[in-house]
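Subject: Structure for your files

Dear colleague,

Here is the structure I said I would pass on. My notes follow below it.

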Amino acid sequence: MSETPILEVRDLRVEIPLTRGTVHAVQSASFTVEAGQALGLVGESGCGKSMTLRAILGLLPHPGHITGGEVRFEGDDLANADPKRLRDVRGARIGIIFQEPMTALNPVMRVGDQIAETPLVRLGYGRRRARERAVELMRLVGIADPARRYEAFPHELSGGMRQRIVIAIALSGEPKLLLCDEPTTALDVTIQDQILKLLASLREQLGVSVVFVSHDLAVIAQTCQQLAVMYAGQVIETGTVDAVFREARHPYTLGLLRSVPSFDAVRKHLSSIPGSPPDLASPPHGCRFHPRCGFVRENCTTGPIPLLELGGRSVRCLYHEDCAADARRTPVVAVA
Amino acid sequence: MAIAVAEGAVDEVAEHRGGFRRRWYRTPAFVAGVLILGTVVAMCVAAPVLTSQSPTHQDLNHILASPSAKHPLGTDQLGRDVFSRILYGGRVDLRVAFLAVLLPFIIGTTLGCVSGYYGRFYDTTIMRLVDVVVAIPVYVLIIAMVFVLGPGARSIYIAITFVGWVSYARIIRGEILVAKRQEYILAARAAGFRDGRIITRHLLPNVVTQAIVYAMSDIVLDILFIVTLGYFGLGIQPPVPDWGGMIADGQAFLTTNWELSTIPGVVVVITALGLSLIGDGLADLLRPE
């Protein structure tokens, strides 16, 4: 932890007031992204991963809003920034890649023009220069014959190509931080692998930091150094990917790791976490995972559980030692 | 770095490039509409070439004459050349109809964008305004306005604009409500673009086609409107020729010279048909893939 981190999220809270009650979509999310590193944000659908990402840019869907906490990006608090400041940060300092390359591109605009738009509008490039920059970016993300592809419309390109265009757009503002919202979920496995390798190489080439949201632990293992696990709107465990994979200290993380199917165990029983995630309009008292936890004790059901600092990692569990012991007894994955 | 280029992608690009330019002639409705309307417009524009007769010159010695070399469609009750009056009347009616669509189109699209994109207060206000205008009987309103403002093209513009924007606002608002939830709009916001740019560069090109298609049928309605007003004597005023006025004038001679009312009527129908076909064709052509 030599340098100051590029992004520091502290106790972020996002609430969505609905007629059936207020949904606490994100409650005390905390994690840190070091400059030049990639952080994986994992959790199942609806646990608040995407909400956290959108909250960083102030792009929460109406009527959701941030009700507390801090988002420190290069020293600025984005959670409490006014709309104009936020707009300055978007695109030019933080880029974002969305999940669905089919819908993330404007169908009636040439892909090249979509890439050139940010340099043209935000970076003050001239028309010619912006166009050249777009072609350059297309080459950077591995598009063959970029000058000709510049003229294509999104529907003329394959899914993998489109996702490359989306990445080029995210990079076009020369951001310091790249937010990826499940960028490979909608793609074939083979294309997925190419895109992940591309993102990894871009991170090294350009020195951008990355927040990588995914529900796929294998993807995170491949792309990230740091890991933050979310459950029911809370960050419940953070640490390096190696450390967490080797010795999960939160029962949920352990369950998540054990429910990854593997080729070695084709005929063995695939374990899963019993029960289903809580309704975020009325989450359980105490630890949010206690109704589904195998290590549950009396203390787990009362009072909020703090995120315990354990030197380089943190965990939101009172009995993480039990969990760690169990993780050591039957190791989950051999992390290379 | 591994570069995956789908084999088919290259051919696909060639296939779709310049989609509209390549496909328009394969849409029969569009081609037929363009031919029909094109012929009507070309004839009206070329009126001085096609006929040497004045549309307003009266020749009381040759009233209600049958078609002849000099008067291809005969003359009316004041001895004016019917063919010439059709052509010159078309110049007025078509021009007024096209222009009368333009302003409602612009106003309606703008208000529809604001209403759909910003929602909440703007949406409520604009949509209540729409409800109010829709609740007013159109013909009564226009006839009242023409009485107040006096007959003529100017009154027609004002009257049609007053009620016409409503449809465009509704169409555009509905389309924007759908389009703004698309991820590419979120992406544009995430790129830090201003609202004005997002609306004009990202939303409008995706939604405006519906309004353009509607505009084609709207022109038809406007022509009928102008003709109807002319028939009532509230539209284009004599001596300027106008199809509606011609139908009204010929009415008295329906039993002896039925063609005086019928010919302008048929021309109106043909023009409307051409515009409707173009509208249909455009709807097919501009439908997003």
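How many residues does helix 7 of chain A have, and how far does helix 7 reach from its first C-alpha to its last? Please bear in mind that this is a predicted model. Helix 7 spans residues 189–206 of chain A, which is 18 residues. From first C-alpha to last, helix 7 reaches 25 Å, close to the 26 Å expected at 1.5 Å a residue.

The buried residues of helix 7 of chain A are Gln192(A), Gln194(A), Ile195(A), Leu196(A), Leu198(A), Leu199(A) and Leu202(A). Their packing partners, all in chain A, are helix 6 (159–171), strand 7, strand 8 (209–214) and helix 8 (217–223). After helix 7 comes Gly207(A), with a positive phi near 70°.

Strand 6 and strand 7 (residues 177–181) of chain A are parallel, with 4 bridges between them. One residue pair to look at is Ile97(A), whose bridge partner in strand 7 is Cys180(A).

Chain A also has an open sheet of 4 strands, in the order 2-1-4-5, and here the pairing is antiparallel. Strand 2 (21–33) and strand 5 (76–77) of chain A each have a single partner strand, so one side of each is left without a neighbour in the sheet. Strand 5 of chain A is joined to strand 4 (residues 65–73) of chain A by 2 bridges, and the two run antiparallel. Here Arg72(A) has Asp77(A) of strand 5 as its bridge partner. Helix 1 (residues 49–56) of chain A packs on this sheet and touches strand 1 (7–18), strand 2 and strand 4 of chain A. The direction of helix 1 makes about 70° with that of strand 2.

Which chains meet, and through which elements? Chain B has 26 residues in contact with 36 residues of chain A. On the chain B side, the elements giving two or more residues are helix 1 (7–16), helix 9 (183–190) and helix 10 (195–231) of chain B. Helix 9 of chain B provides the largest share of that side, 6 residues. By class, the side of chain B that touches chain A has 16 nonpolar, 5 polar and 5 charged residues.

Regards

Conventions:
Residues numbered from 1 in each chain as written. Chains lettered and ligands numbered in written order. Predicted model: local features only at pLDDT ≥ 70, side-chain atom pairs only at ≥ 80, totals over all residues. Pairing = 2+ DSSP bridges. Contact = placed C-beta atoms within 7 Å. Axes fitted to C-alpha atoms, helices over the stretch in contact; angles between N-to-C directions. Nonpolar A, V, L, I, M, F, W, Y, C, P; charged D, E, K, R; others polar. Expected span 1.5 Å × (residues − 1). Buried ≥ 20, exposed ≤ 12 C-beta atoms within 10 Å, placed from the backbone.
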